[in-house]
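Me: I am new to this structure and would like to go through it by question and answer. Please show it first.

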Amino acid sequence: MIMAGEGAGAVGPEAFFGFMGVACALVFANLGAAYGTAKSGVGIASMGVLKPDLIIKSVIPVVMAGILGIYGLIVSVILIQKSNIILSNNSS
């Protein structure tokens, strides 16, 4: 759990690294999903030429790559909910 101090200027490097961890979880999971989708798209195109009767079976890696992107989104939401950072400007 990331805890920040009170006040606007008291947020230290732990907040930065916490938010960067969340951003990295989201970015790298979606980059992996995009790469997997691209590679399996090439496989589907090649499968359409060589064995057209097996195209439906080659859609499974595209679905799995999409699930990887959704998993990265879920992990980043869970991480951001667990970080308990108090950002207030105390101007009231």
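This is a predicted model: local features need pLDDT of at least 70, side-chain atom pairs count only at pLDDT 80 or more; totals for chains, interfaces and linings use all residues.

The questions below go from the overall fold to the helices and then to one pair of rings.

Me: What span should H2 have at 1.5 Å a residue, and what is the distance between its end C-alpha atoms?
Reply: H2 has 23 residues, so at 1.5 Å a residue it should span 33 Å. The distance between its end C-alpha atoms agrees with this: 33 Å.

Me: How far does helix H1 reach from its first C-alpha to its last?
Reply: Helix H1 runs over residues 13–50, which is 38 residues. At 1.5 Å a residue the expected value is 56 Å. The reach in the model is close to that, at 54 Å.

Me: Is H1 roughly parallel or antiparallel to H2?
Reply: The two helices pack with their axes 8 Å apart, at an angle of about 175 degrees. Angles over 145 degrees count as roughly antiparallel. H1 is therefore, relative to H2, roughly antiparallel.

Me: How many charged residues are in the contact of H1 with H2?
Reply: On the H1 side the contact includes Phe-19, Leu-26 and Ile-44, and on the H2 side it includes Pro-61, Leu-68 and Ile-80. The residues of this contact divide into 15 nonpolar and eight polar.

Me: Which residues of H2 are buried?
Reply: What covers the buried residues of H2 includes H1. Each buried residue has under 20% relative accessible area. In H2 they are Ala-65, Gly-69, Gly-72 and Ser-76.

Me: Which residues of H1 are buried?
Reply: The cover over the buried residues of H1 includes helix H2, residues 60–82. Among the H1 residues that meet H2 are Val-22, Ala-29, Ala-33 and Ser-40. These four are on the list of buried residues in H1, which is Ala-15, Gly-18, Val-22, Ala-29, Ala-33 and Ser-40.

Me: Why is the pair of Phe-16 and Phe-17 edge-to-face?
Reply: The structure holds one aromatic pair. The ring centres of Phe-16 and Phe-17 are 5.2 Å apart. Planes over 60 degrees apart count as edge-to-face, and here the planes are at 70 degrees, so the pair is edge-to-face.

Me: Is Phe-17 buried or exposed?
Reply: The cut-off for exposed is over 50% relative accessible area. Phe-17 has 58% relative accessibility, so it counts as exposed.

Key. Residues are numbered from 1 along each chain as its sequence is written. Side-chain values use heavy atoms; hydrogens and water are left out. The expected span of a helix is 1.5 Å times one less than its number of residues. Buried means under 20% relative accessible area, exposed over 50%, partly exposed in between (1.4 Å probe, protein chains only). Contact means heavy atoms within 4.5 Å. Rings of Phe, Tyr and Trp (its six-membered ring) pair if their centres lie within 6.5 Å; planes under 30 degrees apart count as stacked, over 60 as edge-to-face and the rest as tilted. Axes are lines fitted to C-alpha atoms, for helices over the stretch in contact, and angles run from 0 to 180 degrees between N-to-C directions. Angles under 35 degrees count as roughly parallel, over 145 as roughly antiparallel, 65 to 115 as roughly perpendicular and the rest as oblique. Ala, Val, Leu, Ile, Met, Phe, Trp, Tyr, Cys and Pro count as nonpolar, Asp, Glu, Lys and Arg as charged, and the others, Gly among them, as polar.
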